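Dear colleague,

I am handing over the structure we spoke about, and I would be glad if you could look through it alongside the notes below.

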Amino acid sequence: MDFGFYMPARVLVGDGVVRENAALLGQLGSRCLLVTGKNSARLSGALDDVAAALDHQGIPWQVFDGIGQNPLLSSCHAAGLAAREFGADFLVGIGGGSPLDAAKAAAVYAANPELAPREIYSGHQKPALPLALVGTTSGTGSEVTKVSVLTDDKTGRKKGVATPDLYARVSFGDPKRYTATLSRRFTISTALDAVAHAVESYFAKTAGPIDRACAVEALLLLIPALRAIQEPDTLPDGEGRQKLYLGSIYAGLAFNGPGLCFPHAMGYLLSEQYGVPHGEACGVFLPQFIETATREEAQLSSRLFARLGVRKQELCAFIAGFTAGLSLPRFTGEELEALLPRWDSSPNMDRTPGEFNREKRLAVLKKIFQE
């Protein structure tokens with residue numbers, strides 16, 4: 001059997017992990033820019049811990065907190081400029097997927113001052129500055145991937161960048177503390193993102209045995225943790241927070257190599273234009289993906305459901321239950337036809353089991369937006 005697996009990121013998870021491993025930050029450089037959003041890094045306590053760790057190492061630092069949801073190229077470019085102006089020789093991203101992905105892009109811009117914002121999609125000459133990541137959500141898996149998903153200011157479209165120099169030198173997770181301030185909706189949305197990572201990568205044509213093993217382990221953690229908070233107004237306890245975070249890391253390991261399938265690519269439509277949180281947007285398409293994948297990959301699906309101890313219908317209904325309250329847009333047949341070209345060159349379609357052509361894409365869109 002031929003396959004490959006590459007994972008250079010170092011991940012440390014546990015109580016007080018940042019302060020206990022401050023020396024690792026000291027190995028990355030002598031001046032640091034912290035890339036965050038407006039609130040989560042501070043509310044979670046992660047920013048204070050990183051600042052204390054840097055102070056302990058005698059490293060001057062500065063905060064750039066201009067990163068919003070679905071990070072814009074312009075914001076990431078501004079962060080790169082801030083790093084150069086401060087003289088930073090490494091960066092720390094703190095937050096959920098948006099600040100972590102933005103920190104990766106900022107590290108590229110900081111090392112390549114001649115690079116215009118949109119040129120990051122075409123490649124860069126000099127390696128990104130060294131990077132550490134501190135996750136405060138349980139969904140993206142950015143801590144262990146070479147992927148940065150950015151939003152083009154001009155088109156409003158999300159597009160990923162993936163190069164080996166975007167791996168973090170070290171990533172820290174303290175889920176009982178750093179994810180404790182997440183709302184129920186955000187907890188569920190980020191967890192659905194991780195579930196989508198796991199399911200899509202498990203069935204991807206490009207997946208190998210190690211990728212699929214990580215995907216299964218992710219789902220064995222994520223599904224029970226989500227079941228525990230199915231009832232309204234319920235939140236995870238400390239153990240649940242740990243399961244969700246570890247599940248998101250396994251899911252990141254699962255998709256980092258093979259990539260993802262159509263729920264992520266099609267889900268961007270809902271997050272870009274209709275404000276649906278990314279994980280929920282992927283969750284909308286996930287039951288249809290499971291139906292497609294099980295038709296095309298009977299052996300893979302039977303092995304998966306046997307390991308998880310659920311039937312296909314149960315898993316689809318379970319996932320759909322978390323997105324049932326969304327008010328989705330309705331489209332005419334002509335409007336759906338007009339959407340199809342945006343996915344013609346998407347590698348996510350090629351990775352989807354079977355031949356996921358325009359006819360099949362249209363059938364999925366009709367099922368979701370017309371029935």
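This is a predicted model: local features need pLDDT of at least 70, side-chain atom pairs count only at pLDDT 80 or more; totals for chains, interfaces and linings use all residues.

I begin with helix H12 (residues 278–296) and helix H14 (residues 312–321), whose axes come within 8 Å and cross at roughly 165 degrees. Since angles over 145 degrees count as roughly antiparallel, the two helices, H12 and H14, are therefore roughly antiparallel to each other, and H12 passes H14 in a left-handed crossing. On the H12 side the contact is made by Gly283, Leu286, Pro287, Ile290, Glu291 and Thr294, which meet Lys312, Leu315, Cys316, Ile319 and Ala320 in H14. Sorted by class, this contact of H12 with H14 comprises seven nonpolar, two polar and two charged residues.

Helix H8 (residues 184–203) has 20 residues and spans 29 Å from its first C-alpha to its last, which is close to the 28 Å expected at 1.5 Å a residue. H8 is also mostly covered, with 17 of its 20 residues buried.

Turning to the backbone, most residues other than glycine have a negative phi. Asn70, although not a glycine, has a positive phi of about 50 degrees; Asn70 sits in the loop between strand S3 (61–64) and helix H5 (73–86), and at 25% relative accessibility it counts as partly exposed. Asp233, likewise not a glycine, has a positive phi of about 70 degrees; Asp233 lies in the loop between helix H9 (209–227) and helix H10 (238–256), and at 76% relative accessibility it counts as exposed.

With best regards

Note on methods
Residues are numbered from 1 along each chain as its sequence is written. Side-chain values use heavy atoms; hydrogens and water are left out. Axes are lines fitted to C-alpha atoms, for helices over the stretch in contact, and angles run from 0 to 180 degrees between N-to-C directions. Helices (H or I, at least four residues) and strands (E, at least two) are DSSP runs, numbered from the N terminus. Angles under 35 degrees count as roughly parallel, over 145 as roughly antiparallel, 65 to 115 as roughly perpendicular and the rest as oblique. A crossing is left-handed if the near helix is turned anticlockwise from the far one by less than a right angle, and right-handed if clockwise. Contact means heavy atoms within 4.5 Å. Ala, Val, Leu, Ile, Met, Phe, Trp, Tyr, Cys and Pro count as nonpolar, Asp, Glu, Lys and Arg as charged, and the others, Gly among them, as polar. The expected span of a helix is 1.5 Å times one less than its number of residues. Buried means under 20% relative accessible area, exposed over 50%, partly exposed in between (1.4 Å probe, protein chains only).
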